[in-house]
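Please keep the sequence and the structure in view while reading.

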Amino acid sequence: MLSQKTRYAIRAMQHLADNYGGGPIQLAEIADKQNIPAKFLTVILSELTRAGLVESQRGRDGGYWLAIPPIDVTYGDLIRHMRGSLALVPCASRYAHEKCKNCLEEGECRTRALLLDVRDRTAQILDGIRLSDPITPVPPFAQDAV
């Protein structure tokens, strides 16, 4: 599951992408429109600024904007930055690999083999979708289907 911080970062970046080229957007507007606590958003936007994905300007006319065009930012890159990896377990991570504690040897573990495949398929999907791509919201699941 994605952390709340990662989900907020995605929504903030989507908001900035939707307003790309329109000048700085104030933190309060992003927080209000995306239903993100302002203090938490400040931390997230600072991290995204340090990563070079967002730029900011202080002052009355200040705010935040994407540092690079939305077509150059994939959801895979954004999630990797916020989460560290797309893998569900550390032994399946390409960039943050760690052996799992209390597990079989990696070469013998079928769960790892399965989750490597899941990681690769997830990466293929998320690396193929950019902030500039239109994404249409879908209706909620029916209560009886859950």
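In helix α2 (residues 27-34), the buried residues are L27, I30, A31 and Q34, where buried means under 20% relative accessible area, exposed means over 50% and partly exposed lies in between, for a 1.4 Å probe and protein chains only. These residues cover an arc of only 95° around the axis, which puts them on the same side of α2; the arc is that of the directions from the helix axis to the C-beta atoms. On the other side of α2, the exposed residues are A28, D32 and K33. Helices (H or I, at least four residues) and strands (E, at least two) are DSSP runs, numbered from the N terminus.

This is a predicted model, in which local features need pLDDT of at least 70 and side-chain atom pairs count only at pLDDT 80 or more, while totals for chains, interfaces and linings use all residues. Residues are numbered from 1 along each chain as its sequence is written, and side-chain values use heavy atoms, with hydrogens and water left out.

The cover over the buried residues of α2 includes α1, α3 and β2 (63-66). For I30, the residues touched, not counting those up to four places away in sequence, are A12, H15, L16, I25, N35, L41, L45 and Y64, a contact being heavy atoms within 4.5 Å. Although N35 is not a glycine, its phi is positive, at about 55°, and with a relative accessible area of 62% the residue is exposed.

## Packing of α2 against α3

Two packed helices are described by the angle between their axes and the distance between the axes. The axes of α2 and α3 come within 10 Å and cross at roughly 115°, where axes are lines fitted to C-alpha atoms, for helices over the stretch in contact, and angles run from 0 to 180 degrees between N-to-C directions. From the α2 side, L27, I30 and A31 meet A38, L41, T42 and L45 of α3.

## An aromatic pair and the nonpolar core

The structure holds one aromatic pair. The ring centres of Y8 and F40 are 5.5 Å apart and their planes stand at 80°, so the pair is edge-to-face; rings of Phe, Tyr and Trp (its six-membered ring) pair if their centres lie within 6.5 Å, with planes under 30 degrees apart counted as stacked, over 60 as edge-to-face and the rest as tilted. The pair links distant parts of the chain, since Y8 belongs to helix α1 (residues 4-18) and F40 to helix α3 (residues 38-50), 32 residues apart.

The largest nonpolar core has 29 residues, and those with the most contacts inside it are M13, L16, I30, L41, L45 and L48; such a core is a set of buried Ala, Val, Leu, Ile, Met, Phe, Trp, Tyr and Cys residues joined through side-chain atoms within 4.5 Å. Two or more residues of this core come from each of α1, α2, α3, β2, α4 (75-83) and α5 (110-126), and the largest share, seven residues, comes from α1. L16 lies in helix α1 and, leaving out residues up to four places away in sequence, touches I25, I30, L45, V54, Y64, W65 and L66.

In helix α4 lies G76, whose contacts, apart from neighbours within four places in sequence, are with L86, L126 and D127. G76 and I125 are 49 residues apart in sequence, yet 8.1 Å apart in space, C-alpha to C-alpha.

The accessibilities of four of these residues are set out below.

| Residue | Relative accessibility | Class |
|---|---|---|
| Y8 | 11% | buried |
| F40 | 30% | partly exposed |
| L16 | 2% | buried |
| G76 | 0% | buried |

## The chain as a whole

The chain has five helices and two strands, and from the N terminus on its elements run α-α-α-β-β-α-α. Its C-alpha trace spans about 60 × 40 × 30 Å along the principal axes, and of its 146 residues, 34% count as buried. Among the contacts in the chain with a separation of 6 or more, 61% are accounted for by residues 24 or more positions apart.
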